[in-house]
Amino acid sequence: MCDNIPFLHSEKDWRCAKYGPLGLIETILKVGGMLVMLASIGLYDPQINRLEVISWSKTALVVVTGVIAFIHILLIPQRLLEREVCAIAFMIASALAHIIAPIIQLTAADPSQYIFCFALLMLFGDIVKLAFLKIEDEFQVHMLSRQNLIFLTSFTAFLYFATLILQGLQWSIDLVVVA
């Protein structure tokens, strides 16, 4: 089907690859993050217009999580070209979870604990992925050089870290301690 188009041609067969213990740890951490975002849907409140009282910290959080969601959406075609069935399913689920993050921040009163846990689990998952890439010298994916894959993983890890920092700032600004 796509093999006639040189850019989309892939020598790889359809498969479900094995990544070993580090891949399993990364998957468990990131699936945990996805489940946290799925659980946050319970906070959705269509009755209240949250955009009337949006702070700069919440705006920054929405932008950062939106950028991460956009990156994950862009990675879906790459996974399709990679022809790895498990990675395709994982990336689609991950993109959906990442789409939920900015939306729930705009439609829920306080999804902060979900956003924090999600970003923390995803950050740990990216750190494990970087360790995997460092150890596994021969790992390559379609259309991404090894250096680009390391850069992309480092960039998303930085964005998750920025999400944690912004969430901490939002807590320190928005939450008032009453004695």
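This is a short chat about a predicted model of one protein chain.

User: How many helices and strands are in the protein chain?
Analyst: The model is predicted. The chain has five helices and zero strands, so along the sequence the pattern reads α-α-α-α-α.

User: And what share of the residues is buried?
Analyst: Buried residues account for 41% of the 179 residues. The accessible surface is about 10300 Å², and 72% of that surface belongs to carbon and sulfur atoms.

User: Which residues have the most contacts inside the largest nonpolar core?
Analyst: They are M37, L75, I115, F118, F139, L144 and L149, in a core of 31 residues. Helices α1 (20-40), α2, α3 (85-107), α4 (112-135) and α5 (146-174) each give two or more residues to this core. In soluble globular proteins, nonpolar side chains tend to be buried together.

User: Take L75. What does L75 touch?
Analyst: Leaving out residues up to four places away in sequence, L75 touches M91, L144 and L152.

User: Switching to T65. Where is T65 found, and is T65 buried or exposed?
Analyst: T65 is in helix α2, residues 56-82. T65 counts as buried because its relative accessible area is 3%, and the cut-off for buried is under 20%.

User: What does the side chain of T65 make a polar contact with?
Analyst: The partner is the side chain of Q105, at 3.1 Å. Q105 is also among the residues T65 touches, along with H98, A101, P102 and T163, not counting residues up to four places away in sequence.

User: Back to the whole chain. Of contacts between residues at least 6 apart in sequence, what share joins residues at least 24 apart?
Analyst: The share is 81%.

Definitions and conventions. Residues numbered from 1 in each chain as written. Predicted model: local features only at pLDDT ≥ 70, side-chain atom pairs only at ≥ 80, totals over all residues. Heavy atoms only, no water. Helix = DSSP H or I, 4+ residues; strand = E, 2+ residues; numbered from the N terminus. Buried < 20%, exposed > 50% of the residue type's maximum accessible area, 1.4 Å probe, protein only. Contact = heavy atoms within 4.5 Å. Areas by Shrake-Rupley, 256 points an atom, 1.4 Å probe, with all protein chains shown as cover. Polar contact = N/O pair within 3.5 Å; in protein donor to acceptor, adjacent residues only side chain to side chain. Core = buried A, V, L, I, M, F, W, Y, C linked by side-chain atoms within 4.5 Å.
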